[in-house]
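Q: Please take a close look at one strand of this model and at what surrounds it. Go through its pairing and its contacts, and state the cut-offs behind each term.

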Amino acid sequence: MKFLRIEIVTKTDRQQALSQINDVISANEGWISNHQLFSNMAAAISFEMPVEYVENFLLGLKEIGFNPKPQDEIPETGSGDIRGSISVTFLHDEPDLKRDVPAFG
């Protein structure tokens, strides 16, 4: 199975950006297999989609104002699925999110 890593740096609101990325993945027959949020500073999204949708997926990200930077060679059209990850860094002046951590031990 092929793999594609993408980096995005944005000033877009975090919730809006994650929703838009999800919409573009879904619009290209893809699905999110995992995600990780790093406070309000960054997010990592793992996804899968048919290989033939990758070009359209990248164009969709550009159309909504993101500048995706593939870290791997973009696969040529073909059959099967591709696994990918998107690393999103959010640029803003907000403080880190505060989370209450319950006592343990």
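A: In β5, the bridge partner of Glu7 is Ser87, and that of Lys2 is Ile82. Both bridges belong to the pairing of β1 (residues 2-10) with β5 (residues 81-90), which is parallel and runs over 9 bridges. The model is predicted: local features need pLDDT of at least 70 and side-chain atom pairs count only at pLDDT 80 or more, while totals for chains, interfaces and linings use all residues. Residues are numbered from 1 along each chain as its sequence is written, and side-chain values use heavy atoms, with hydrogens and water left out.

Strands (E, at least two residues) and helices (H or I, at least four) are DSSP runs numbered from the N terminus; two strands pair if DSSP finds at least two bridges between them. β1 also pairs with β4, in the antiparallel sense over 2 bridges. Ile6 has Pro70 as its bridge partner in β4.

These strands sit in an open sheet of 5 strands with mixed pairing and the order β2-β3-β5-β1-β4. The edges are β2 (31-38) and β4 (69-70); each has a single partner strand, so one side of each is left without a neighbour in the sheet.

Next, the side chains. In a regular strand they alternate between the two faces of the sheet. The largest nonpolar core holds 22 residues, and Ile6, Ile8, Ile21, Ile25, Phe57 and Ile86 touch the most other members. Such a core is a set of buried Ala, Val, Leu, Ile, Met, Phe, Trp, Tyr and Cys residues joined through side-chain atoms within 4.5 Å. Buried means under 20% relative accessible area, exposed over 50% and partly exposed in between, with a 1.4 Å probe and protein chains only. Two or more residues of this core come from each of β1, α1 (14-27), β3 (42-50), α2 (54-63) and β5. The most, 5 residues, come from α1.

Contact means heavy atoms within 4.5 Å. Not counting residues up to four places away in sequence, Ile6 touches Phe47, Phe57, Leu58, Pro68, Lys69, Pro70, Ser85, Ile86 and Ser87.

Phe57 is also one of the residues touched by Asn28, along with Met49, Pro50, Tyr53 and Asn56, again not counting residues up to four places away in sequence. Asn28 is found in the loop between α1 and β2 and is buried, with a relative accessible area of 3%.
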